[in-house]
Amino acid sequence: MITKTFSVLLLLTITIALSAQDIPINYDESKIPRYTLPDPLQTKDGKHITTSQQWEKQQGPVMLKLFADNVYGRMPGKPRNMRFKVFDVDSNAFQGKAIRKQVTIYFSSGTDAPSMDVLLYLPKTANKPVPVFIGLNFYGNQTIHADTGIRLSTRWVMNDEKLGLVNNRATEASRGKDAGKWAVEEIIDRGYGLATAYYGDLEPDHADGWKTGIRTTMKTELSIDENEWGAIGAWAWGLSRMMDYLQTDAAVDASKVVITGHSRLGKACLWAAANDQRFAVIVSNDSGEGGAALSRRWFGETIERINTSFPHWFVAAYKRYNNHPELLPVDQHILLALMAPRPLYVASAADDAWADPKGEFLSAKNAEPVYALFGKHGLGPDVIGMPAVDHPVGETIHYHIHAGKHDFTSYDWQQYLDFADKEFGR
Ligand code: GTR
């Protein structure tokens, strides 16, 4: 019996793996079929949007709804009985230069309410509320720095022995294992705070994750069925709840929150910021397909491939476009346009063809007409083609492609800190 179940499972896994492998992937510029992007300024009845007011009142909400209906699902609001519990404050973190706070956000009343743990570092020398970077992490808060005061996540994690993640649980050995992606001390030295939380607190990242994540546990309270949104929606929702907390913390300047995320969490970051105008600056790092990259450009990961490998990330309707990205009423440049007029940074990696760097750049470029409604330049008239590696460009929209692989590097952080300094006039 066991062997039979096992072989069925094995067969199933192989079939799934094979079908994902079978999906054609293109890496040849000359093979990209011609495509036409939907015009963000064109209304359904053929009119043309010409003012920022029309965008904000009319067209923007229509575009947002198209993304909700076809890609990410509906975004529920804030739960009525949410509460915060600060369970740790250490004013001597990082040899005394930072304050560490840890806060549980309970999404409803009751002691065993669904929750997420936020880790917040603030510069100790600040004499007024500070701007903060906010982003989800991949393997638990304890992986972003070796600081032993960080609570070890007890949630389901993806196995990765090198990172100290075994039997789907984080071990002590996981402390600081993903620190390379988080320039925490540099952020503090530059006068910013950092707020992060483990994305698995919201929904474990596997096909059945919704069963134990907030799409199930918060279903009644949020009046939304689990299939009305996907995992990316759930992660994005969590970012807004973190923002709810930051707005209550007197040490934080909540009008200066920079939202960021890497890869799948970059997709969640963009979706969160499209829905929530409280995020002042948006930074998408290597977010690729379903993030910053254009879907109609056949290069690297495709809608079909992402829906096959990660069936739980998007709503079922998105699968309709598996072989027909041209039928999508939107494309990702419109998602970027939904950031307008807020400063936006899009970044790619040179060795990350899977995420289609050029498709990310072109997406940023094609968001410009919406920024123009607000009198903003976007990347700017001088930025026509892809810039050279490690050569950041742009105005209200910034873009760079860093040397090396798919990663969130200290080079990236430096650019984002400079960008935030410029935008906040620091
Ligand atoms: C890949 C996926 C990408 C990106 C990446 C990541 O497997 O195909 O869309 O999200 O994972 O999150 O690291």
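Residues are numbered from 1 along each chain as its sequence is written, and side-chain values use heavy atoms, with hydrogens and water left out. Because the model is predicted, local features were required to have pLDDT of at least 70 and side-chain atom pairs pLDDT 80 or more, whereas totals for chains, interfaces and linings use all residues.

Rings of Phe, Tyr and Trp (the six-membered ring of Trp) are paired if their centres lie within 6.5 Å; planes under 30 degrees apart are classed as stacked, over 60 as edge-to-face and the rest as tilted. Phe-408 and Trp-413 form a stacked pair, because their ring centres are 4.6 Å apart and their planes stand at 20°. Phe-408 is buried (under 20% relative accessible area, against over 50% for exposed and in between for partly exposed; 1.4 Å probe, protein chains only), with a value of 4%. Trp-413 is likewise buried, at 0%. Trp-413 also pairs with Tyr-416; here the centres are 6.5 Å apart and the planes at 70°, so the arrangement is edge-to-face. Both Trp-413 and Tyr-416 are buried. These two residues are separated by about one helical turn, because they lie three residues apart in helix H12 (residues 410–423); helices (H or I, at least four residues) and strands (E, at least two) are DSSP runs numbered from the N terminus. Elsewhere, ring pairs join a set of residues into a cluster, including Phe-67, Tyr-72, Trp-235, Trp-271 and Tyr-318.

Charges over rings were defined by NZ of Lys or CZ of Arg within 6 Å of the ring centre and within 35 degrees of the ring normal. Arg-83 lies over the face of Tyr-106, at 4.4 Å from the ring centre. The charged end of Arg-426 is placed over the ring of Tyr-192, 4.4 Å from its centre.

Nonpolar cores are sets of buried Ala, Val, Leu, Ile, Met, Phe, Trp, Tyr and Cys residues joined through side-chain atoms within 4.5 Å. The largest contains 93 residues, of which Trp-55, Leu-136, Trp-235 and Met-242 touch the most other members. Helix H6 (residues 231–246) gives the most to this core, with 11 residues. Beyond its neighbours within four places in sequence, Trp-55 is in contact (heavy atoms within 4.5 Å) with residues including Pro-40, Ile-49, Met-63, Leu-338 and Phe-374.
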